[in-house]
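This report looks at a protein together with a ligand. Please keep the structure in view while reading.

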Amino acid sequence: MKFFEANFDGLVGPTHNYAGLSIGNVASLNNAKNTSSPKQAAKQGLQKMKSLSELGLIQGVLAPQERPDVYTLRRLGFTGTDSDVISKAAKQAPAVLKAVCSASSMWTANAATISPSADTADGKIHFTPANLTNKFHRSLEPLTTGRILKAMFSDEKYFAHHQHLPDNDHFGDEGAANHTRLCSDYGQAGVELFVYGRYAFDASKPAPKRFPARHTLEACEAVARLHGLSEHGAVMMQQNPDVIDQGVFHNDVIAVGNQNVLFFHEQAFVDTQAKLDEIRRKFGTAADLHFIEVKSSEVSVAEAVKTYLFNTQLVTLANGDMAIIAPTECRDSDTVSAYLEQLTGRGTPIRQVHYFDVKQSMQNGGGPACLRLRVAMSEAEHQAVNPAVLMNDSLFVRLNQWVDKHYRDQICEDDLADPQLLIESRQALDELTQILKLGSVYQFQRN
Ligand SMILES: NCCC[C@H](NC(=O)CCC(=O)O)C(=O)O
């Protein structure tokens with residue numbers, strides 16, 4: 001049977017804005033208060049999806065969330081009509097209003113962790129939405145994420161859905177941004193790398209000092225248990241606390257893997273050599289394993305954070321070659337573009353580089369890899385996916401028209417207090433659930 005990897009990209013929501021919400025994420029803080037363009041952001045994302053499907057990859061769309069989140073504002077004591085709730089929050093707690101307006105669900109690498117059927121004990125694809133506890137604005141995502149994933153992957157014969165982990169920093173879980181799967185072929189059992197930033201129950205272990213470690217070892221272990229992975233099918237790796245302190249808030253800012261290739265910076269992990277040995281041992285000899293380690297002398301951590309060299313997608317094309325899907329920021333850096341140029345000629349499976357403009361997302365710290373959620377699947381599993389979420393020419397045209405109809409050209413901080421933004425957002429999402437045939441996944445559709 002044929003197996004492949006599908007990518008599900010987050011469709012940027014109508015409230016996309018720069019609010020400086022993510023301490024530890026350099027771009028988010030640097031662009032706080034800048035004016036955003038939701039329309040341009042959504043179109044940049046759609047263009048990337050369309051281009052990847054034209055490269056022969058299976059590409060899907062993951063719907064955004066309802067923002068502003070008035071239900072959370074009500075939980076926090078704001079009362080009256082929806083419009084009253086937003087106006088009161090704007091006056092009394094503007095920072096909270098900004099947080100409940102974030103379109104952060106666009107970064108679907110943080111939506112969930114997914115283990116393909118070849119790795120799990122029951123032979124199903126397992127999904128666990130990430131609780132994203134470390135950032136208030138992101139902690140509002142997992143319930144709706146779970147509903148959307150169930151509406152896309154509904155067939156219980158193939159798909160198993162778990163509840164997100166307990167909502168507490170001890171089990172801080174940032175999903176697939178800290179998870180990579182290596183395998184010789186997508187249909188073969190692989191080795192899943194779970195990367196954590198700290199130990200929740202052992203303060204004597206290394207941890208960053210300046211910026212938060214969002215993801216814990218205990219969360220990684222829980223997800224591996226829930227998904228029924230075997231001992232030899234998983235490797236737990238600690239992220240180097242020093243690089244977290246330099247702005248590497250997720251592992252996908254400093255490492256990316258696909259099939260038999262792990263592309264990473266020499267400073268990415270703690271105990272690198274021992275961990276690479278463990279991966280090699282668990283991977284076995286079914287295929288050559290390529291560890292492509294980038295030295296600090298080749299590309300510094302600061303340059304990697306600035307250009308998102310590692311927040312690239314590493315995808316396998318129909319002819320077996322791998323391509324790097326990079327943001328244009330990599331092309332604009334002499335060091336990084338020269339590195340990538342020589343990399344494609346080095347005899348590793350990586351043979352091509354494709355650059356994409358996803359600047360609207362990059363300015364909030366989200367590159368091409370942040371925007372996608374990977375699901376390795378068989379042809380039969382693919383047939384069981386809700387077909388309305390799969391990208392093709394007509395969905396591309398339809399979604400661009402939908403964006404043109406509903407999205408604003410610009411949003412600045414003051415616009416978030418406008419109650420009309422909620423009305424526009426709900427109209428857009430109501431229509432989107434019909435286009436993507438998701439049913440009533442949003443709270444406003446369920447009241
Ligand atoms: N994987 C990339 C995630 C980027 C995301 N940025 C944000 O939420 C920024 C939002 C803002 O500042 O408006 C984060 O840090 O979790």
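Which cavity is the space taken by the ligand? The ligand takes up the second largest cavity.

The model is predicted. The protein has a mean pLDDT of 97, and 100% of its residues reach 70 or more. For the complex, the predictor gives an ipTM of 0.99 and a pTM of 0.98.

**Around the ligand**

There are 19 residues around the ligand. Those that come nearest are Leu 21, Ser 22, Ser 28, His 137 and Arg 214. By kind, the shell divides into six nonpolar, eleven polar and two charged residues.

| Residue | Atom of the protein | Distance to an oxygen atom of the ligand |
|---|---|---|
| Gly 20 | polar backbone atom | 3.1 Å |
| Asn 25 | N or O atom in the side chain | 3.0 Å |
| His 137 | polar side-chain atom | 2.7 Å |

How much of the area that the ligand exposes when taken alone does the protein bury? Alone, the ligand exposes 430 Å², and the protein buries 100% of that.

Gly 20 contributes a backbone atom, whereas Asn 25 contributes a side-chain atom.

**Annotated positions**

An unreviewed UniProt entry places the feature "active site" at Glu 174, His 250 and Cys 370. These positions are spread over 197 residues of sequence, yet they cluster in space, with a largest C-alpha distance of 11.1 Å. Which residues of this set belong to the lining of the second largest cavity? That lining takes in His 250 and Cys 370.

Notes: Residues numbered from 1 in each chain as written. Predicted model: local features only at pLDDT ≥ 70, side-chain atom pairs only at ≥ 80, totals over all residues. Heavy atoms only, no water. Near = heavy atom within 4 Å. Polar contact = N/O pair within 3.5 Å; in protein donor to acceptor, adjacent residues only side chain to side chain. Areas by Shrake-Rupley, 256 points an atom, 1.4 Å probe, with all protein chains shown as cover. 1 Å grid on protein atoms, 1.4 Å probe; cavity = no way out; pocket = protein on both sides within 12 Å on 5 of 7 lines; lining within 4 Å. Sits in = over half its atoms within 2 Å of the grid points. Nonpolar A, V, L, I, M, F, W, Y, C, P; charged D, E, K, R; others polar. pLDDT = per-residue confidence, 0-100. UniProt positions renumbered as here; feature names shortened; annotations may be inferred.
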